[in-house]
Amino acid sequence: MFKKYLFILNLLLFQKLLFAQNLNEIKFTIEKATDWTSLFQRTHGWYGGDGIYSIPLNGLEHYPSAGETLFIFSDSMIGEIEDGKIKPGSKMIHNAIAILEDEKPNPTQLKFHWPIDAKGSAESVFVLDTSKRDSSEYYWLGDGFVNQEKENALYIFGYRVKQIGSGTFGFEEVGNTLIKINADEKPPFKSYLQKDTPFYIDKSTGEMGSFGAGIYVNTKESGAKNPDGFVYVYGVRGRSKKLLVARVKPIDFEDFDKWKFWDGKSWQSDILNSAAITDQVSNELSVTALPDGRYALVFQHGGMGKSVAMRLGETPFGPFGNVIPIWDCSDDLKGKSFFAYNAKAHPSLSEEGELLVSYNINSFEFLQDLGKDPQFYRPRFIKVKFE
């Protein structure tokens, strides 16, 4: 019996060493996912937007979920395109949502939602209204998930954003909130709760940071293969895009005093003790468990750039290996001012052994380029197939 236990122990140690040695190597092929890209190439209603988080509404975060998927977008263009031109009456709202009723990219099963005011004009789905906000602030949306231990409520991070100037980057984040939507609420979610969180690091500390860039639900109920019962929430801090991570039990998600932050060696209560587990990530990203037990961190290298990249991790909180480039976005950067950003994986929409990955295209000359090409401002998709 002792020999049997010794064999198992040696095997586990060997596997751990094997993973540590292979955090820089993985075999894969990659191809365009044209069916998913075409799904969001539209001329009616929503025709462009920032970000695209996907949330399986059945709570099954891991592939495939085989259920309805909620897509959430930040700044979104609403209107009509005819003969390659935007018709009068087009409008940008600060956020929008869509529901895909099939796990396949079926355009007949994708329905966008946003409120309409008394004049018939589109309005943002989520409107900032917390005790700390002022009238000039609005929401930029982070990641979200369905919390099966809180009556299947939907939680989404909302960044409080304030306009400070003109141009593509004429804004700054000033706070962090949590949006809660009850399971029986129907889109476009007229009723929801908003709560300020302590998960914003003010720039007076040296570097601004905020949590909600990505969520990894590592629970049995979510379909995780090696569940430890925690929800991992990722943050990004500073110009070098340092990646931070916190975790909490799903049942305690609204009890902010029970959140813990990784300091590089252990989990601590003080957010300012958060250590960078890697850097050069993007403000939107994903962490996904791979079939071999490793974890794939998918992001846009450097925040904005040509390269969709991946780092392999030993756990959801690292250590992570070197940057592995997986896709060059140059073919989509047709305008001189175009840039790619915010790559992330969508495991609940992926096939076994694959990862569906999206990245967004924007422009430093947004209005000028939108007039020339009204459909440039949208996500593109690729498929990573692991060997």
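Colleague: Which loop holds Glu68?

Modeller: This is a predicted model, so local features need pLDDT of at least 70 and side-chain atom pairs pLDDT 80 or more, while totals for chains, interfaces and linings use all residues. Residues are numbered from 1 along each chain as its sequence is written, and side-chain values use heavy atoms, without hydrogens and water. Strands are DSSP runs of E, at least two residues, numbered from the N terminus. Glu68 sits in the loop between strand E3 (53–56) and strand E4 (69–73).

Colleague: Is Glu68 buried, partly exposed or exposed?

Modeller: Buried means under 20% relative accessible area, exposed over 50%, and partly exposed in between, with a 1.4 Å probe and protein chains only. Glu68 has a relative accessible area of 36%, so Glu68 is partly exposed.

Colleague: Which residues does Glu68 contact, leaving aside neighbours within four places in sequence?

Modeller: Contact means heavy atoms within 4.5 Å. With those neighbours set aside, the partners of Glu68 are Ile55, Pro56, Leu57, Asn58, Ile99, Leu100 and Glu101.

Colleague: How many salt bridges does a search of the whole structure find?

Modeller: The criterion is a side-chain nitrogen of Lys or Arg within 4 Å of a carboxyl oxygen of Asp or Glu. Over the whole structure, the search returns 18 salt bridges.

Colleague: How many residues apart in sequence are the parts tied together by Lys225 and Glu352?

Modeller: Lys225 and Glu352 form a salt bridge, with the closest N and O atoms 3.4 Å apart. Lys225 is in the loop between strand E15 (209–218) and strand E16 (230–237), and Glu352 is in the loop between E24 and E25, so the pair ties together parts 127 residues apart in sequence.

Colleague: What is the relative accessible area of Arg380, the salt-bridge partner of Asp332?

Modeller: In the salt bridge of Asp332 with Arg380, the closest N and O atoms are 3.6 Å apart. Asp332 is buried at 16%. Arg380 is buried too, with a relative accessible area of 9%.

Colleague: Which residues do salt bridges with shared partners join into one network?

Modeller: Shared partners link the salt bridges here. The network consists of Glu31, Glu354 and Lys385.

Colleague: Which backbone nitrogen lies 2.8 Å from a polar atom of the Ser350 side chain?

Modeller: Ser350 lies in the loop between strand E24 (338–345) and strand E25 (354–363). Ser350 is buried, because its relative accessible area is 2%. A polar contact is a pair of N or O atoms within 3.5 Å; within protein, one must be able to donate a hydrogen and the other to accept it, and residues adjacent in sequence count only if both atoms are side-chain atoms. The nitrogen at 2.8 Å belongs to Leu356.

Colleague: Which residue in E23 stands opposite Val308?

Modeller: Strand E22 (residues 307–313) pairs with E23 in the antiparallel sense, over four bridges. Opposite Val308 stands Trp327.

Technical notes: Pairing = 2+ DSSP bridges.
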